[in-house]
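Me: I have not worked with this structure before. Could you walk me through it?

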Amino acid sequence: MKNEISYEDILMNRLSITRALERARTLIPNVYLPLILASTLVLSACLLPGCADEGSPSSTSTVSSGSTATGATTVQSVPPSAPSAPSAPAPPPVAAPTSTGSSCSGTTGPLSLKVNAVRGAGISPFLVFFDATGTTDTSVTGNTTAFQNVSYTWNFGDTGASGTDTWAYGSNAGHNSKNTASGGVAAHLYVTPGTDTAYVVTVTATDGTNTASCQVPVTAYDPSGANGFPSTATTCVSSSGTPVAGSGGCPAGAAVLQQSSAASAWSSNGGSNKRVLFQCGDTFSGGINVAVGTTKSTIGAYGSCENTSSGRPILTNTGSGNAICIDTGGSTYSQDIRVADIDFEGSGTGNNAVSTCGGGASSGVAYWVNQLTLYNLYSNGLKTSYYTNNSSQSGIIQSVMTGMGSIEGVYWNYAENNCVNGSAAYNCGGTPSYVNVNYNAMLGNSFNGQGATGNTWETVRVSACRLCVFENNLFENGESPQGGATLKIHSGDTFNSSNGANAWLGQYTEYVEISDNVFTGTSGYAVEIAPQNSQYDERIRDVVFERNIVSAYAQVVVSGQNMSIRDNVFNQTVHSPIGLQTYRRAPTAPSPGTAWPTQYLEIYNNTCYGGTCIENSSEGGVDVAYNSTVQNNLCYTGTCVSFSSGTGNTVNNNTSNTALNPGWTNGSGQLDLISDFKPTANYTGGISVPVWYDALGTPISSIWNLGAVQPSL
């Protein structure tokens, strides 16, 4: 059926032998693992990206005491030589579509700001991405990048409800404005007040000495206006009676229909250049299939529930299909599709709320969706919630998932990286051209993975992503104790990782901003930003992880290059013995090319409470991190930094005596907000680092203290 996930039986039943072996890898001597895994691959092919994931961290991990005294600079020298980094190729070409928005620039001294609005105009709710990754700064020296060490702040110019409200979730819930953001890539959702509305977006960049700024315009179209779905291009549907156009929120001139089947209503009235709105408070059976190649379309609600969390129309799904399927299994991609203001109910048996349907890439056909916006959705009682095979300029905004079954709850870009020509060879066998996974966002959501059992199911898993944003979300309860993370980001190579171990396709997961989130609850890991296991050659670089609260049962793990982990809080009093673990989880001898070592990490101004704050260890991977810097971290109780392995690492100006109480203000009384961790004592001794703001956005002018939140001075 078209409204079922492609390879659905595989998705729902992938308790593979390989994955079971990976979970048991701490119990099996490493010398035997290659033989066992080789036999496993003969017996059982890996049919989805993750069937051979790493298991949960060992409960008996040895933690060494390695806290470095404040002011003492230590350059480690074990082992005697660090691996060198391969040369970085230019960003890979990707399949159309390309950017259609405006650009701007500004230069001050060595700082040259370059910004692009990826779309210039679109129908409300309008998700638009902004890209400053073309920025250069000659004052950023060594092996770090401008994505890491230039600070970017965005003002989206949105004075409507979509800009004046604050985010309900995240590390600063109720305080962070929807109208602002940070990072080298950003995203914002514009909801118009009923008329076409122009906005001016301002971005400001600083390297601590130089500041540059510029502006780009964007326009959000009224969905009922001439640029949207005027007159009978909109259909209002009610299950309880016949709607009246121009009344009760149904737009004037709209077609009207009484129908209790959402699938029937869509099949007769939906499609390209069409909008179907379901009446607030009514209940409908699901099963909508958005046909392949559909362009410019909306599924939404009419009435008082629009843009609210109460009274949304209910789409039921109690079967094995999807409440809404976006068909991508053809020769053209679907694009410019919005699903908004819907409550999906599954009664514990339904499969999915919204999913793309189709494969990865084969025979020269690229299967993906472009400009898919999922806004203000509620998914309850479903095994899975929001899935895409490959997507670009797409995202989930202000939505909720209350639980999941024995499979990932949200699975974004599950088809991984793919060549447009279907090749599984490096650089696509010649001239590289990849299926588009550029620009994806998750903003202001609550994702709860409770209910999963029996495997390493993640609450949210992202299998490929370039130029992506994860901000102001709540991620909680990955499957535990098997090893499911609340958020897992990796960089799989071809659909189902079918090109085998140690084979890099040539595309990175890169330019990723992860900020202002909360990661909590039970999980095998709190967060994984790493290859899915130590057999596949997956490459990740240029990631900023900042202003997050990690209060989970396990640690954050990172494996890649040019990652900045700063201004976070690791509250380890819940359970986790480690806050942040760095290592290399990648093959020792990949093909093609040189091994991809974990290096050029910047770990600055984090706050830790309990356990070991930061550990560099090969446990869970194959090697440690090199050529990285750990400074200005504030720790209370436990061990501050254990970074005694790996060459080229600089570790200094961290808390030297973790018994000294920093006297956090704890305004909420629960240590729930990042502002609760503002210290009143024992925070001095920091050193100048490329962190220009603290976790509350307070500029750091001349004195770097320890920790994520600067004290009141």
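Me: How many bridges join β46 to strand β49, and in which sense do they run?
Reply: Four bridges connect β46 with strand β49 (residues 612–616), and the two run parallel. T582 stands opposite N616 in β49. Strands here are DSSP runs (E, at least two residues), numbered from the N terminus, and two strands pair if DSSP finds at least two bridges between them.

Me: What kind of model is this?
Reply: It is a predicted model, in which local features need pLDDT of at least 70 and side-chain atom pairs count only at pLDDT 80 or more, while totals for chains, interfaces and linings use all residues. Residues are numbered from 1 along each chain as its sequence is written, and side-chain values use heavy atoms, with hydrogens and water left out.

Me: Back to β46: how many of its residues are buried?
Reply: Five of the five residues in β46 (residues 578–582) are buried, that is, under 20% relative accessible area with a 1.4 Å probe, protein chains only.

Me: Which residue stands opposite Q581 in β46?
Reply: That residue is V557. Strand β43 (residues 556–558) is joined to β46 by three bridges, and these strands run parallel. Three bridges also join strand β40 (residues 527–529) to β43, again in parallel, with I529 as the bridge partner of V558.

Me: What is the order of the strands in the open sheet of twelve?
Reply: The order is β16-β19-β22-β27-β31-β34-β37-β40-β43-β46-β49-β52, with parallel pairing. β16 (288–290) and β52 (639–642) stand at the edges with a single partner strand each, so one side of each has no neighbour in the sheet.

Me: What is the pairing in the sheet of five strands?
Reply: The pairing is mixed in that open sheet, whose order is β4-β11-β10-β7-β8. Its edge strands, β4 (121–123) and β8 (180–182), each pair on one side only. β4 pairs with strand β11 (residues 211–221) in the parallel sense over three bridges, and I123 has Y221 as its bridge partner in β11.

Me: Changing topic, which residues have the most contacts inside the largest nonpolar core?
Reply: They are I324, F344, V354 and Y386, in a core of 69 residues. A nonpolar core is a set of buried Ala, Val, Leu, Ile, Met, Phe, Trp, Tyr and Cys residues joined through side-chain atoms within 4.5 Å. Another core lies apart from it and has 27 residues, including W154 and Y199.

Me: What is F344 in contact with, leaving aside neighbours within four places in sequence?
Reply: Its contacts (heavy atoms within 4.5 Å) include L315, I324, V354, Y378 and L382.

Definitions and conventions. Buried < 20%, exposed > 50% of the residue type's maximum accessible area, 1.4 Å probe, protein only.
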